[in-house]
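The following exercises concern one protein chain. Each states a task and then works through the solution step by step.

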Amino acid sequence: MPLFIDMHRKVPEGASVADIAQAHAADLKVQANHGVRYLRYWIDESSRQVFCLVEAPDAAAAAAVHREATGSVADEIYEVVEGT
């Protein structure tokens, strides 16, 4: 299945690391509805950005998980290929 990295460039001011973890947990609860599997996420606290790694049939399915789980969507989604 294709891999994607999505970028959330505008995490709301005041959102904590715990808030991001809670949003990720919400994604995990609904991901199967879209044939998606969220694998990992990273937070850059200084720039207030979040990056998610996801297996999905396409970018639209990955976006649908965030929309259903939290009402937000990534600003950008890139299909990627894992290297060594």
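**Exercise 1.** Determine where Val11 lies and whether Val11 counts as buried or exposed.

*Solution.* Step 1: Val11 belongs to the loop between S1 and H1, where helices (H or I, at least four residues) and strands (E, at least two) are DSSP runs, numbered from the N terminus. Step 2: the relative accessibility of Val11 is 13%, so Val11 counts as buried; buried means under 20% relative accessible area, exposed over 50%, and partly exposed in between (1.4 Å probe, protein chains only). Step 3: leaving aside residues up to four places away in sequence, Val11 touches Ile20, Arg48, Gln49 and Val50, a contact being heavy atoms within 4.5 Å. Step 4: Val11 and Glu45, 34 residues apart in sequence, have C-alpha atoms 9.6 Å apart in space.

The model is predicted: local features need pLDDT of at least 70, side-chain atom pairs count only at pLDDT 80 or more, and totals for chains, interfaces and linings use all residues. Residues are numbered from 1 along each chain as its sequence is written, and side-chain values use heavy atoms, with hydrogens and water left out.

**Exercise 2.** Describe the largest pocket by its volume, its lining by residue class, and the elements that supply the lining.

*Solution.* Step 1: the volume is about 340 Å³. Step 2: a pocket is an open set of points on a 1 Å grid over the protein atoms alone where a 1.4 Å probe fits, with protein on both sides within 12 Å along at least five of seven lines, and lining residues have an atom within 4 Å of a point. The volume is the space filled by probe spheres set on the points, which are joined across faces, edges and corners. Step 3: at least two lining residues come from each of helix H1 (17–30), strand S3 (49–55) and helix H2 (59–70), and H1 gives the largest share, five residues. Step 4: the lining divides into nine nonpolar, five polar and five charged residues. Here Ala, Val, Leu, Ile, Met, Phe, Trp, Tyr, Cys and Pro count as nonpolar, Asp, Glu, Lys and Arg as charged, and the others, Gly among them, as polar.

**Exercise 3.** Identify which members of the largest nonpolar core touch the most other members, and list the contacts of Val54.

*Solution.* Step 1: a nonpolar core is a set of buried Ala, Val, Leu, Ile, Met, Phe, Trp, Tyr and Cys residues joined through side-chain atoms within 4.5 Å. Step 2: of the 13 residues in the largest one, Val36, Tyr38, Val50, Val54, Ala56, Ala62 and Val65 touch the most other members. H1, S3 and H2 each supply at least two residues of this core. Step 3: Val54 touches Pro2, Leu3, Phe4, Val36, Arg37, Tyr38, Leu39 and Ala62, residues up to four places away in sequence not being counted.

**Exercise 4.** Locate the two salt bridges in the structure.

*Solution.* Step 1: a salt bridge is a side-chain nitrogen of Lys or Arg within 4 Å of a carboxyl oxygen of Asp or Glu. Step 2: Glu76 and Arg9 form such a pair at 2.5 Å, N to O. This pair links distant parts of the chain, 67 residues apart, with Glu76 in strand S4 (residues 76–80) and Arg9 in the loop between strand S1 (3–8) and H1. Step 3: Glu55 and Arg37 meet in a salt bridge at 3.1 Å, N to O. Glu55 lies in strand S3 and Arg37 in strand S2, so this bridge ties together parts that are 18 residues apart in sequence. Step 4: Arg37 is partly exposed, at 44% relative accessibility.
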